[in-house]
Amino acid sequence: MKYDVGILGRYNNSNWGGSLTVLVTYSTISDMGFKAKLLKVKGHDDDKNVIYNRLCDFTKVLINNPMPPKDWNRYFSNFLLCSDWTLYKNWFLPLDMRMFSWVEKNNIISMAASFGTETGNYDKSDYPMLYSYLKRFRHLSIREKFGLDLCKKIGIDHAVIMPDPIFSQGKEYYYKIAQAYSHKSIEGKYAAVYLLDMSDNSIELAINTAKQMNLKPVFIVAQKDKDRIEKNRERLERYIYVNNFSESLSAWIYYLYHSEAIITNSFHGACLGYIFEKNVFGIERGRLSSRLVDLLQQFGIKNRFISKLDDIDKAIKEPVDSNAVKDKIMLMNNKVREFLVKAITDGKKQENRIDYLPRVECTGCMSCVNVCPKKCISIEKDKETGFLYPKIDESICVNCGICGKACPVLSKNELTGQINTVWCGFSKDKEIRYLSTSGGFFSELAKGVFAKGNAVVFGAAYETPQKVVHTEIFDEKDIPRIRQSKYVQSEVRDTYLKMERHLRDGKNVMFCGTPCQCAAVRSFINAKKIPDDNLYLVDFICHSVNSPKAYQAYLAEIENNIGDSIKKVWFKNKEISWEKFSTRIDFETKEPYYIKNRYEDSFYKGFLKHHLYSRPSCSHCNFKGEKRHSDITLADAWGIAMNCDKSHGISTAIIHTDKGVKLFDEIKEKLYVEEKNIEAVSKGNVNFMSSTQLGRNSKYFYQRLAQGIPFSKIIDEIDTNKLVKEQDVNKLDESSVKLNGAVVRAHSTAKIITNSNSSLILNAGKLPGSNSDCLIEMDEGSKIIVEGNFKIYHSCRIKVHKNAVLTLGNGYMNTNSIVVCAKSINIGDAIIAPNCYIVDSDYHKILEDGKVINPPAPVKFEGHVWLGQNVTILKGVTIGRGCCIGAKSLVTKDIPADSLAVGVPAKVVRSNIEWR
């Protein structure tokens with residue numbers, strides 16, 4: 001078996017950050033569908049580490065025993081160096097060995113490797129040797145700017161800065177690692193202090209920073225720092241000594257993950273802090289501080305590096321834009337993954353089959369399906385997104401390699417079309433202009449091709465309102481079928497084969513599609529050597545293509561809400577205006593139609609604002625820029641000054657080839673045009689040059705969609721930053737649900753659901769040594785939904801029966817209170833005094849003639865409700881907003897808003913009250 005990459009890095013007990021970097025690199029490469037092995041190094045403790053054994057695959061032969069076998073090139077397409085200090089001159093593994101001097105060809109990759117210090121301990125006499133090693137790296141990425149400067153200094157010009165691979169995985173990945181630690185939780189809120197090369201000054205700074213935030217400093221200490229901690233024991237409130245290497249990585253991540261803040265002089269400690277969305281404070285570390293300062297600056301944080309006591313107050317007060325940090329991490333994630341895909345892909349030997357292409361690179365063009373002579377490539381739909389991907393039937397495939405040649409990503413056909421001229425304007429035909437997405441240039445180009453005679457035009461059309469396919473038309477009367485934008489990826493089907501027949505028959509053929517689809521046409525034609533003198537390729541400035549599954553969910557919700565089938569979808573409708581374009585949807589029988597502008601429509605929000613459902617390959621599109629495979633690129637003329645009315649739309653045409661110039665000249669008399677420059681067009685169309693990065697909440701969107709949540713509700717959760725977190729009760733993430741020792745007995749299907757702004761704290765107020773724990777019991781399919789910040793004090797009892805839902809808002813439930821939910825109890829925003837009892841059923845069924853006459857009935861508090869001590873709420877009761885219920889009352893009927901009710905049964909004794 002041949003592996004795509006062999007990974008060499010630092011994964012021993014002396015460096016948790018370096019160990020984690022290697023582990024994450026391995027996991028990310030494997031996630032992307034590549035086959036990897038870690039190169040086993042003598043002196044590393046990998047065989048003792050439970051996390052590595054569980055997640056990684058090692059070579060059986062030691063790489064340094066004494067030198068790697070010469071035939072290792074046969075087993076790996078690439079060799080990759082990563083992690084802390086691996087480019088430092090005096091690392092324990094000999095330089096020639098870790099620089100892969102024994103690798104025959106230059107299929108060597110550096111993944112954000114670090115020199116450790118500004119010089120890497122190299123002097124000028126070492127520069128020729130270092131140059132000879134580094135020039136052999138085909139892809140050389142360096143983690144720190146000072147490392148890049150050193151490369152330039154010795155004459156290496158192909159090195160690039162790259163984020164640490166630790167950013168290529170999300171919070172959930174590290175949480176799973178933390179769960180492997182057989183831990184004891186820390187009571188109360190604390191600041192995790194992780195210091196390398198501990199000094200008296202760094203300890204003093206860390207303690208004072210934690211205490212100024214009213215947090216307990218908890219020192220996470222490795223074996224090599226134990227003696228220094230022991231000397232300072234009287235000054236420390238608590239330290240955690242991690243000695244067992246089989247759990248050390250998990251323990252380190254666990255204590256960072258569950259902290260309120262992270263105080264560290266460690267580069268990787270700070271990285272994890274940002275990933276975990278913590279308050280991160282950097283501590284001075286002498287000559288090694290530059291790495292941490294560089295990281296803080298990348299996140300736009302200036303004052304959270306502390307080198308003296310006077311810095312602490314300023315550091316704590318510096319605001320941090322959490323959304324900007326999340327966006328930066330997402331960009332880092334994409335950059336690392338894009339680099340790895342390209343680097344590993346370039347080094348693979350067998351480039352002639354599309355299964356060599358990583359899934360994240362596939363554009364879904366289906367050129368490979370069309371070109372295969374054995375018809376052994378089928379199409380499979382991704383279950384999560386609905387995007388289509390090719391799949392090879394190995395029993396039929398003869399390894400001819402033509403699928404790789406027809407793939408626009410693998411074939412890498414030269415982009416020859418450059419910018420000739422740029423025109424902005426519109427069709428003089430008012431109907432064409434109004435019914436077009438922008439100014440009608442596409443329709444006039446199609447008419448121009450038909451005017452040549454013996455012509456066919458291909459474009460995207462609605463097969464049904466829910467599905468878009470590429471289709472062919474033979475008459476200009478059918479142009480409306482393929483006119484207008486469709487913001488979902490089209491199914492190409494056998495379009496390329498049809499084009500081949502028409503071109504070989506000498507017909508004039510125009511194809512309009514995304515830049516990757518036009519590149520696919522070019523690759524298909526080159527692979528099959530099809531004459532293309534009569535071919536006109538028209539693409540457009542593409543934001544990205546959207547998920548068919550997301551699009552269909554959007555339409556299904558609208559149909560359900562209206563109660564009628566959709567007849568027609570019209571994106572970028574101009575009824576309001578072209579510049580404030582809308583989505584219009586017509587129905588089979590019902591009026592009026594649906595119409596919402598780009599700022600109101602949920603699909604537009606998810607697409608244009610949050611970038612939730614783009615195809616993964618769109619995040620690193622290979623077909624942006626001035627050079628194109630097309631003859632003409634179309635676009636909206638956003639932000640272009642024109643000497644005409646723009647209300648009904650202005651088109652842009654960027655002409656790349658002589659063929660494009662000639663076709664456009666032939667239709668000019670049908671157009672109003674003004675010549676412009678590409679700089680103005682690019683300014684208003686950023687996607688001409690840049691890819692759209694997949695939004696950070698994309699995974700969340702698909703998870704909620706799979707749960708059957710309505711499309712617009714998911715978009716609203718993301719738009720308002722109220723993300724719902726549905727957790728298995730037996731595997732709770734204590735960042736949002738803090739157990740504090742509460743007893744939880746739950747069925748495996750029970751869920752506690754929070755959002756990004758809510759939390760549930762159990763066992764509040766419990767005294768040390770007390771046995772009065774809170775008890776939560778949840779049956780099959782039951783849910784506790786937490787919409788605010790709610791505390792349940794010790795000694796309370798909560799029982800949620802099968803499929804029942806208990807909803808909590810902001811407030812608390814004091815000691816010894818009991819809630820028994822058989823169907824639905826919505827407590828919402830409320831404060832509940834001790835010894836209260838809330839129930840929505842009679843417990844036992846009463847039957848009459850075999851029928852239950854006392855079914856459960858929902859209980860609802862409508863907000864800002866105060867229950868006094870020993871209050872009982874029975875089933876079917878609604879308590880209005882602003883109510884106060886007096887002590888020892890029994891509530892059997894609804895209480896209107898703003899009322900004071902007391903007694904057995906409770907009666908309203910005051911109205912229009914206000915309590916605070």
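Trainee: Which residues in H1 meet which residues in H6?

Mentor: Start from the contact and list both sides. This is a predicted model. From H1 come Leu20, Leu23, Val24 and Ser27. From H6 come Tyr173, Tyr174 and Ile177.

Trainee: How do the residues of that contact divide into nonpolar, polar and charged?

Mentor: Sort each residue into its class. In the contact of H1 with H6, six are nonpolar, one is polar and none is charged.

Trainee: At what angle do H1 and H6 pack, and how far apart are their axes?

Mentor: Look at the two axes. H1 spans residues 16-31 and H6 spans residues 171-178. Their packing angle is about 120 degrees, and the axes lie 13 Å apart. Angles of 65 to 115 degrees count as roughly perpendicular and those over 145 as roughly antiparallel. The angle here therefore makes H1 oblique to H6.

Trainee: Is the crossing left-handed or right-handed?

Mentor: H1 passes H6 in a right-handed crossing.

Trainee: Now the cavities. How many are there of 30 Å³ or more?

Mentor: The count is three.

Trainee: What lines the largest cavity?

Mentor: Take volume first, then lining. The largest cavity holds about 160 Å³ of space. Its lining has 16 residues. Nearest its centre are Thr363, Cys516, Ser617, Cys618 and Cys621. The lining splits into seven nonpolar, seven polar and two charged residues.

Trainee: What is the volume of the second largest cavity?

Mentor: About 70 Å³. The second largest cavity is lined by 13 residues, and Cys372, Cys376, Cys397, Cys400 and Cys403 are the closest to its centre. Nine residues of this lining are nonpolar, two polar and two charged.

How values were computed. Residues numbered from 1 in each chain as written. Predicted model: local features only at pLDDT ≥ 70, side-chain atom pairs only at ≥ 80, totals over all residues. Heavy atoms only, no water. 1 Å grid on protein atoms, 1.4 Å probe; cavity = no way out; pocket = protein on both sides within 12 Å on 5 of 7 lines; lining within 4 Å. Points joined across faces, edges and corners; volume = space filled by probe spheres on them. Nonpolar A, V, L, I, M, F, W, Y, C, P; charged D, E, K, R; others polar. Axes fitted to C-alpha atoms, helices over the stretch in contact; angles between N-to-C directions. Helix = DSSP H or I, 4+ residues; strand = E, 2+ residues; numbered from the N terminus. Parallel < 35°, antiparallel > 145°, perpendicular 65-115°, else oblique. Left-handed = near helix turned anticlockwise from the far one by under 90°. Contact = heavy atoms within 4.5 Å.
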